[in-house]
Amino acid sequence: MLQKLRNSTFVAIVLAARGTLLICCLLLFCYLLFSTLTNTFLIPTNDLLGDVASILKGELWRVITSTVYFSEWTPLIKTVLIVLVLCPFIEWKIGSPALVMSFFASSWIGILLFCFGFGGIIRSTVGINTYVYAFYGGTLSVYALFPLAVLAFLIKKPAFSLLAKCVLVGGLLLYFTVGFWPNSDTPEPAVIVQISQLCGALSGLFCALIVVALRNWKKVSFFSAKPSN
């Protein structure tokens, strides 16, 4: 029975989740780093993060810092929890490098879409100095996990076991409850939360399409190697 457990798909998925572990470690490290900079060295948060106005001016480095910023433990724990539940299954289907790159790239893309695509709406609704960390840090990437999780379901090989499918479906339900369910304690206006969710989902869809394209580009005749005469 122990051997069957070791050979089960679910256990294999968990043991192979190196990219998921890397994401969680990076988020924790960045939280401790930013906490030290702001609390110990008294560096103003505004000097580390971006707002719509600063990014529109071309200070794109703020996109990276805003992605991994968490103001407190609660959003960090929620993010890590959902990552631990969903990402191993996505990683099992698309691979560790693709998962890690998709997780962070989806947040960067979402922030740029937030600023350049919806910047006018945001500034007219809540003001020009709306901080990007209204995304709750890296949790913008959590919104992008749904399209990637759907992609994991659609990819047939390697196949999920029944237990793995049940856990993944339960993770998606947790995702909707924690990630998308309205939070009455949220200080940001509802329109900011809705726009950030939309940007996260769109960026996740974009990353999913890129993964599909990279997985299938060799099957397209245009990219296939032509036999030499």
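Modeller: Of the 229 residues in the protein, 43% are buried, where buried means under 20% relative accessible area, exposed over 50% and partly exposed in between, with a 1.4 Å probe and protein chains only. This is a predicted model, in which local features need pLDDT of at least 70 and side-chain atom pairs count only at pLDDT 80 or more, while totals for chains, interfaces and linings use all residues. Residues are numbered from 1 along each chain as its sequence is written, and side-chain values use heavy atoms, with hydrogens and water left out.

Biologist: How many helices and strands are there?

Modeller: The protein has 10 helices and zero strands. Both are DSSP runs numbered from the N terminus, helices being H or I with at least four residues and strands E with at least two.

Biologist: What share of the contacts joins residues 24 or more positions apart?

Modeller: Among contacts with a separation of 6 or more, 84% are between residues 24 or more positions apart. Contact means heavy atoms within 4.5 Å.

Biologist: At what angle do H3 and H7 pack?

Modeller: Helix H3 (residues 18–40) and helix H7 (residues 96–126) pack at about 35°, and their axes are 8 Å apart. Axes are lines fitted to C-alpha atoms, for helices over the stretch in contact, and angles run from 0 to 180 degrees between N-to-C directions.

Biologist: Which residues meet there?

Modeller: From H3 they are Gly19, Thr20, Leu22, Ile23, Leu26 and Leu27, and from H7 Ser96, Leu99, Val100, Phe103 and Phe104. The contact of H3 with H7 comprises eight nonpolar, three polar and no charged residues. In this scheme Ala, Val, Leu, Ile, Met, Phe, Trp, Tyr, Cys and Pro count as nonpolar, Asp, Glu, Lys and Arg as charged, and the others, Gly among them, as polar.

Biologist: Turning to the rings, how many aromatic pairs are there?

Modeller: The count is five aromatic pairs. Rings of Phe, Tyr and Trp (its six-membered ring) pair if their centres lie within 6.5 Å; planes under 30 degrees apart count as stacked, over 60 as edge-to-face and the rest as tilted. One of the pairs is Phe34 with Tyr69, edge-to-face at 5.6 Å centre to centre with 90° between the planes. This pair links distant parts of the chain, since Phe34 is in helix H3 and Tyr69 in the loop between helix H5 (61–67) and helix H6 (73–94), 35 residues apart.

Biologist: Are Phe34 and Tyr69 buried or exposed?

Modeller: Both Phe34 and Tyr69 are buried.

Biologist: Why is the pair of Phe153 and Phe160 edge-to-face?

Modeller: The planes of Phe153 and Phe160 are at 85° and the ring centres 6.3 Å apart, so the pair is edge-to-face. Phe153 is partly exposed, at 35% relative accessible area, whereas Phe160 is buried at 10%. Phe89, Phe153 and Phe160 form one aromatic cluster.

Biologist: What sits over the ring of Phe160?

Modeller: The charged end of Lys93 does, 4.0 Å from the ring centre. The rule requires NZ of Lys or CZ of Arg within 6 Å of the ring centre and within 35 degrees of the ring normal.

Biologist: And the backbone: which peptide bond is cis?

Modeller: The bond from Lys157 to Pro158 is cis, with omega near -5°. Pro158 lies in the loop between helix H8 (139–154) and helix H9 (162–180).

Biologist: What is the phi of Leu42?

Modeller: Leu42 has a positive phi of about 55° although it is not a glycine. Leu42 belongs to the loop between H3 and H4 and is exposed, with a relative accessible area of 64%.
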